Amino acid sequence: MTRIFTVSAIALIASLSAAQARTEIQWWHAMGGELGEKLETIATAFNESQSDYTVIPAYKGTYPETMTAAIAAFRANQQPAIVQVFEVGTGTMMAAEGAIVPVYKLMQDAGEAFDPSAYLPAVVGYYTDTQGNMLSLPFNSSTPILYYNKDLFEKAGLDRDTPPKTWSDVEEFSNKIKESGAASCGFTTGWVSWIQTENLSAWHNQPIGTEQNGFGGTAARLSLNGPVQVKHWGNLKRWADEGIFKYGGPVGGNDAAPMFYSQECAMFMASSASRAGVVANATNFELGFGMLPYYADVEGAPQNSIIGGATLWVLSGRPEAEYPGVAKFFTYLTSPEVQAQWHQDTGYLPITQAAYELSQEQGYYTENPGSDVSIEQITLNEPTENSKGLRFGNYVQIRGVIDEEFEQMLSGSKDAQGALDAVVARGNALLEEFQAQNQ
């Protein structure tokens, strides 16, 4: 008995020693619910694929909450190795000098193969510096698309298989839908800031700020009160007054999706990453997909849409032994198999060309019509300075300003020009403050 106990004890100690030999890597993220479960599955699969490192995901709340928690932890020297930060936090993260390890340097130092050209141009461009170096690792990237109710289209006498291409189409289709009694509202939208302002601008190759939309440095200032943006906001106000457009609320527009699911509105503009949720809720009608509409009289439109979502930033100040593990995890994370599965499970873009091609080979797009609309849209043309994305400090607050001024316009307190002029004035005050703090 003694000998058996001794052998068992030795085996247990050996097992514990092997577990302790693994280097732990903390990964803070902002994905709850089903997305969080899928993220955990990826981490678990990586941990099981090798014996040197253990990635430990930890949910820290919303995107702003996660970024705030990481900044506070860094100041207390308790930061994780990896933190997920949404796209509008890019400027803030870049300005945190000394707090980050750029991903290109991380991979280079660890000897991991890393080719930025393998990523979709519209994705990689958002997260590179002016020299083309990638600063963070794209993980969950999305872009807004159009969802529509094919059954309501048919009831209104429209072709159920033809989504609107232009904003004139949207107006015409919406009027037919409302007048026919098929639905009481033509369309709604999530994210007035991201979809109807930032993407509207990129889709029409219009700048929203100076210094290459902020990519050129902290001296950038907003300029999203140009003719195209003013025209569009003015149209949204007119369409709201006519009842063919219904406002879904500030920030993400949480009231928009229920209006679409209940068939109150026939069209819904939202993130491509909403696909799984939309499909799950659109059980009483056939769902259609289309690209964002554009104004046919704007030269160069449509250009390409821009991304939302988040990337993974590596924070400095962790034990050196962790960084090779982070690099190995990033290599695993961007493998075609992992990325293709993540894309297919969630509706996020396949961030690499290889993941897109693998999904094609697997027949995913054939079996799921419309699932490649987001990819076609974001890769429609090579990104320009106006359609590469945006990089402004304090942009979380600026998005709040956009929502506030949009609601002022809808209430009739301001016209479109006045509301957008106010966005620029208030937003530029925040940019000046950010520049002063980060010079």
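**Exercise 1. At what angle do H15 and helix H16 pack, and how far apart are their axes?**

Before we start: this is a predicted model, where local features need pLDDT of at least 70, side-chain atom pairs count only at pLDDT 80 or more, and totals for chains, interfaces and linings use all residues. Residues are numbered from 1 along each chain as its sequence is written, and side-chain values use heavy atoms, with hydrogens and water left out.

*Step 1.* Find the helices. H15 covers residues 336–346 and H16 covers residues 353–361. Helices (H or I, at least four residues) and strands (E, at least two) are DSSP runs, numbered from the N terminus.

*Step 2.* Read off the geometry. The two pack at an angle of about 65 degrees, with axes 8 Å apart. Axes here are lines fitted to C-alpha atoms, for helices over the stretch in contact, and angles run from 0 to 180 degrees between N-to-C directions.

*Step 3.* Name the arrangement. H15 and H16 are therefore roughly perpendicular to each other. The cut-offs: under 35 degrees is roughly parallel, over 145 roughly antiparallel, 65 to 115 roughly perpendicular, and the rest oblique.

*Step 4.* List who touches whom. From H15 come Pro 336, Glu 337, Gln 339, Ala 340, His 343 and Gln 344, and they meet Ala 354, Ala 355, Leu 358 and Ser 359 of H16. Contact means heavy atoms within 4.5 Å.

**Exercise 2. Name the arrangement of H19 and H20, then sort their contact residues by class.**

*Step 1.* The axes of H19 (residues 395–411) and H20 (residues 416–437) come within 9 Å and cross at roughly 160 degrees.

*Step 2.* That makes H19 roughly antiparallel to H20.

*Step 3.* On the H19 side, the contact includes Ile 398, Val 401 and Glu 405, while H20 brings in Ala 419, Arg 426 and Leu 430, among others.

*Step 4.* Sorted by class, the contact residues are 10 nonpolar, 2 polar and 3 charged. (Ala, Val, Leu, Ile, Met, Phe, Trp, Tyr, Cys and Pro count as nonpolar, Asp, Glu, Lys and Arg as charged, and the others, Gly among them, as polar.)

**Exercise 3. How is H11 placed against H19?**

*Step 1.* H11 spans residues 227–242, and its axis comes within 10 Å of the H19 axis, crossing at roughly 50 degrees.

*Step 2.* That makes H11 oblique to H19.

*Step 3.* Among the residues in this contact are Trp 233 and Lys 237 of H11, along with Phe 406 and Met 409 of H19.

**Exercise 4. Which kind of aromatic pair do Trp 167 and Tyr 295 form?**

*Step 1.* The structure holds 26 aromatic pairs. Rings of Phe, Tyr and Trp (its six-membered ring) pair if their centres lie within 6.5 Å; planes under 30 degrees apart count as stacked, over 60 as edge-to-face and the rest as tilted.

*Step 2.* Trp 167 and Tyr 295 sit 6.2 Å centre to centre with 25 degrees between the planes, and the pair is stacked.

*Step 3.* Trp 167 lies in helix H8 and Tyr 295 in the loop between S10 and S11, so the pair ties together parts 128 residues apart in sequence.

*Step 4.* Check accessibility. Trp 167 is buried at 3%, and Tyr 295 is buried at 6%. (Buried means under 20% relative accessible area, exposed over 50%, partly exposed in between, with a 1.4 Å probe and protein chains only.)

**Exercise 5. Where does Pro 302 lie, and what kind of peptide bond joins Ala 301 and Pro 302?**

*Step 1.* Pro 302 lies in the loop between S10 and S11.

*Step 2.* The bond joining Ala 301 and Pro 302 is cis, with omega about -5 degrees.
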